[in-house]
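Here are some notes to read alongside the chain, written as numbered points. Please keep the sequence and the 3D view open as you go.

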Amino acid sequence: MLGGCSMQPREDPVNSVPRPVHLPGEVAENLLTANPVNSTASTYSDSLLQKRVGPARTLTAEEAARLEKDQTLVSHFKQLKLEKEAQKNWDLFYKRNSTNFFKNRHWTTREFEELRACREFENQKLTILEAGCGVGNCLFPLLEEDMNIFAYACDFSPRAVEFVKQNPLYNTERCKVFQCDLTADDLLDNIPAHSVDVVTLIFVLSAIHPDKMHFAVENIYKVLKPGGSVLFRDYGLYDHTMLRFKSGSKLGENFYVRQDGTRSYFFTQEYLTWLFTPLGFEQVVSDYVLRETVNKKEGLCVPRVFLQSKFRKSQENL
């Protein structure tokens, strides 16, 4: 579970980049609020500004003061309970929201050219694993867009997996979906070793307890081909959702719990590099993506921060 961790890591000063401390835990992308059940996404227009940057965004004085003040952690007892009930909380999330909460992610191939560029020849069959597939918002657009992809897909939530299987686009000749706890279940039970070209981790690791993230990365490593890639996109440090958490939601450094019991971690480049490279991955690229969602009616800009990265398994490593 929490491995006896006291869950009280040293806090670095606000607005500095936290060291990759070992807080040695899956997430759907919550668009605009720290509580996914009460999303305000419909308030905002599709007017988006996006750019890749080096460091994460700088906090305003008010934001920095608010984070500095919020140092009280959720009790150890409640944290143990949250870990024990993690799967139940995600299943309840999908029970409430069905397949309606997240938009289909048609931007995936645009953002990750690897899905096209890694082929040695045109129309080469590509085998991918979508780890943490949710209800298929990334999976099905990919399969529709590229007829030469075979996809393995797994999710922590049995209910989410059933939604994928019930989708009219689900075809067992092109896709195999299964329930899996990436931190405990062996992917080799469903996927041959060294058989996958690309693994996507799209808003997944952030929902795993930091103590357990390395288990998920090790698991993925076993099914990737030598030279295969991991394409990562998730919440970055100081994302708007991080700043919206109320007092009493903090679990640890950059780690919070939502009102529905699901959890979210906010990544730095340093932490992600520290997580992947000791396990045999080479970092190809890692960038913060700053995105502003504009509410024209209210004249508000909501600052989003994502971390987008690519890691490659060494050709020599099996």
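1. What percentage of the 318 residues in the chain do buried residues make up? The share is 57%, where buried stands for under 20% relative accessible area, exposed for over 50% and partly exposed for what lies in between, with a 1.4 Å probe and protein chains only. This is a predicted model, in which local features need pLDDT of at least 70 and side-chain atom pairs count only at pLDDT 80 or more, while totals for chains, interfaces and linings use all residues. Residues are numbered from 1 along each chain as its sequence is written, and side-chain values use heavy atoms, with hydrogens and water left out.

2. The secondary structure comes to 10 helices and 11 strands, which are DSSP runs numbered from the N terminus (helices are H or I with at least four residues, strands are E with at least two). The chain exposes about 14100 Å², of which carbon and sulfur atoms supply 50%; such areas come from the Shrake-Rupley method with a 1.4 Å probe.

3. Helix α8 (residues 213-223) packs against helix α10 (residues 269-276) at an angle of about 55°, and their axes are 9 Å apart. The axes are lines fitted to C-alpha atoms over the stretch in contact, and angles run from 0 to 180 degrees between N-to-C directions. The angle makes α8 oblique to α10, since angles under 35 degrees count as roughly parallel, over 145 as roughly antiparallel, 65 to 115 as roughly perpendicular and the rest as oblique.

4. In this packing, Met213, His214 and Val217 of α8 meet Tyr271, Leu275 and Phe276 of α10, contact being heavy atoms within 4.5 Å. The residues of this contact divide into five nonpolar, one polar and no charged.

5. Leucine 201 lies in strand β5 (residues 196-202) and counts as buried, because its relative accessible area is 0%. Not counting residues up to four places away in sequence, leucine 201 touches several residues, among them Ala131, Ile220 and Phe276. The C-alpha atoms of leucine 201 and alanine 131 are separated by 5.7 Å, although the two are 70 residues apart along the chain.

6. Glutamate 130 sits in strand β2 (residues 126-131) and is likewise buried, with a relative accessible area of 2%. Leaving aside residues up to four places away in sequence, glutamate 130 touches Cys138, Leu139, Tyr152, Ala153, Cys154 and Thr200.

Key
Nonpolar A, V, L, I, M, F, W, Y, C, P; charged D, E, K, R; others polar.
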